[in-house]
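Dear colleague,

I am passing on the structure below, and would be grateful if you could look through it alongside the notes that follow.

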Amino acid sequence: MKRFEYSRADAPKQAATSASSKDASFIAGGTNLLDLMKLEIETPIKLVDITRLELEQVETTADGGLRIGTLVTNSDLAAHPEVIANYPVLSRAILAGATGQLRNRATTGGNFLQRTRCYYFYQTDSACNKREPGTGCPAINGENRTLAVLGTSDSCIAQHPSDMAVAMRLLDATIKTVKADGSTRAIDV
């Protein structure tokens with residue numbers, strides 16, 4: 001693992017400002033990021049710990065939807081009464097996506113930020129457009145039986161690893177992000 005700078009954020013705007021450099025990453029549960037750092041696939045020069053932020057709530061919105069904080073653990077979200085009652089596809093997707101130990105630590109935000117599980121991505125001696133854009137994708141014409149059938153491109157055929165993201169897409173979810181200047185942006189899943 002390469003050396004990195006570590007800081008803790010106390011507010012969303014501070015987190016966005018601290019992580020605004022190109023080689024910075026957020027960390028909360030770290031279930032995917034730390035493995036990638038150990039393999040030197042991800043080499044952030046700065047980690048911004050967001051675990052102190054007040055983003056662990058699941059709240060019903062005025063229009064009948066849900067607002068889910070980025071730090072809600074996958075276990076808590078899957079077991080939330082509102083999710084079970086009104087969004088069972090989300091609960092089932094989360095429960096299908098990982099072991100209980102991972103769900104207890106993994107966060108909603110981190111689930112969306114996961115990197116691909118394609119074996120070429122993890123083989124650092126292999127070309128991979130996800131890891132190093134422009135180097136190629138050996139899976140396109142090679143071993144690709146476990147990779148995507150739909151949603152592929154000329155540059156990569158790896159699927160997104162998040163079962164939660166698929167359920168959120170089905171539910172027409174929107175992700176709200178905070179920029180370094182404090183402004184927010186909504187992104188459809």
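Which residues are exposed on the other side of helix 5? They are Arg92 and Ala96, where exposed means over 50% relative accessible area, buried under 20% and partly exposed in between (1.4 Å probe, protein chains only).

Please bear in mind that this is a predicted model, in which local features need pLDDT of at least 70 and side-chain atom pairs count only at pLDDT 80 or more, while totals for chains, interfaces and linings use all residues. Residues are numbered from 1 along each chain as its sequence is written, and side-chain values use heavy atoms, with hydrogens and water left out.

Helix 5 spans residues 88-97, and within it Leu90, Ser91, Ala93 and Ile94 are buried; helices (H or I, at least four residues) and strands (E, at least two) are DSSP runs, numbered from the N terminus. Seen down the helix axis, these buried residues fall within an arc of 165° (taken from the directions from the axis to the C-beta atoms), so they line one face of helix 5. The elements that cover them include strand 5 (66-68), helix 3 (74-79) and helix 9 (163-170).

The structure also holds two aromatic pairs, counted where ring centres of Phe, Tyr or Trp (its six-membered ring) lie within 6.5 Å, with planes under 30 degrees apart called stacked, over 60 edge-to-face and the rest tilted. Tyr119 and Tyr120 have ring centres 5.1 Å apart and planes at 50°, so this pair is tilted. Phe121 and Tyr122, with centres 5.5 Å apart and planes at 80°, form an edge-to-face pair; Phe121 is buried at 0% relative accessible area, whereas Tyr122 is partly exposed at 27%.

Conventions:
Contact means heavy atoms within 4.5 Å.
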